[in-house]
Amino acid sequence: MLAFRKMHGLGNDFVVLDARAKPVDLPESRIRAIGDRHRGIGFDQLLVIEPPTDGSTAFMRIYNPDGSEAQACGNGTRCVAHLLMDEAGSDEVAVQTRRGRLPSYRNSDGTVSVDMGAPMLDWQDIPLARDVDHLHLPIELEVLHDPVAVGMGNPHCVFFVPDAEAVDLSRLGPQIEHHPMFPERTNVEVASLGPDGVLRLRVWERGAGITLACGSGTCATAVAAHLRGHVDASEQPIRIRVDGGELAIQWRQDDGHVIMTGPIATSFLGEMAL
Ligand SMILES: N[C@@H](CCC[C@H](N)C(=O)O)C(=O)O
């Protein structure tokens with residue numbers, strides 16, 4: 001039997017395994033089996049805590065339900081940071097991911113923030129298939145056109161639309177995910193700015209489908225909206241409303257880092273036979 005935790009950030013849900021003392025054997029077939037919401041446990045991402053190699057508190061490996069490995073997961077980082085902070089009796093830790101070392105801290109209201117680093121805006125880093133203007137990608141699919149590409153360690157394609165609710169994301173999302181402009185596929189965001197200045201965001205996640213929230217997608221959307229002049233995310237955090245609630249994102253101009261803040265929760269502890 002293998003012990004696991006189920007956690008979530010705004011409904012973006014994770015199975016968390018601790019492999020620091022003993023490695024866990026995770027072939028793609030096992031990841032898919034655990035991720036099956038009917039026959040397994042189900043998750044948006046499987047997060048595996050491993051020993052760090054860069055002096056961080058721990059390394060976090062990220063798998064999507066289709067078995068692919070992701071470089072970044074903002075909400076997952078906040079969940080694992082919360083666990084590590086409880087364990088260390090501290091309000092500050094650093095989580096190593098394939099995206100790099102991500103300092104994370106707990107706020108006085110119990111929310112958890114993560115420094116997601118600077119966005120990647122160069123076509124090779126996002127990555128895109130060729131050298132094009134990442135602020136105006138030549139992609140058009142029905143109501144979706146003129147997106148912004150942003151890398152947060154993982155690729156994002158952000159469309160600004162008049163009404164994010166009206167987009168048929170379950171049909172259009174997978175087509176953009178597999179668009180030839182993105183050699184490693186992409187996460188897909190559709191966002192609209194409300195009269196209250198709050199961005200409404202819906203996300204189709206690469207390797208996972210529609211999720212209730214996506215931390216790195218929220219960061220990418222804040223960066224894209226700032227660059228397009230829809231919001232000013234530099235002075236104070238902007239609010240982004242996803243299906244599962246609200247995240248606050250600031251794009252600090254002194255070091256260029258994106259800071260994400262929001263709630264996290266543990267839903268249960270269990271053991272799996274898979
Ligand atoms: N839910 C995540 C993003 C997870 C990875 C993504 N599906 C990918 O493949 O890049 C988040 O909170 O950032």
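The chain comprises four helices and 19 strands (DSSP runs of H or I with at least four residues, or of E with at least two, numbered from the N terminus). The model is predicted; local features need pLDDT of at least 70, side-chain atom pairs count only at pLDDT 80 or more, and totals for chains, interfaces and linings use all residues. Residues are numbered from 1 along each chain as its sequence is written.

The C-alpha trace spans about 50 × 40 × 30 Å along its principal axes. Of the 274 residues, 48% are buried (20 or more other C-beta atoms within 10 Å of the residue's own, with C-beta atoms placed from the backbone; 12 or fewer is exposed, in between is partly exposed).

The largest nonpolar core holds 80 residues (buried Ala, Val, Leu, Ile, Met, Phe, Trp, Tyr and Cys joined through C-beta atoms within 7 Å). Helix H4 (residues 215-227) gives the most to this core, six residues. Domain 1 (2-115 + 264-272) and domain 2 (140-256) both contribute, so the core lies between them. These bounds come from an automatic or database domain assignment. Val-16 is among the residues that touch the most other core members.

The unreviewed UniProt entry annotates a "binding site" that includes Asn-64 and Asn-75; such annotations may be inferred rather than shown by experiment. Asn-64 sits in the loop between strand S4 (58-63) and strand S5 (69-70). Asn-64 is buried, with 21 other C-beta atoms within 10 Å. Asn-75 belongs to helix H2 (residues 74-88). Asn-75 is also buried, with 35 other C-beta atoms within 10 Å.
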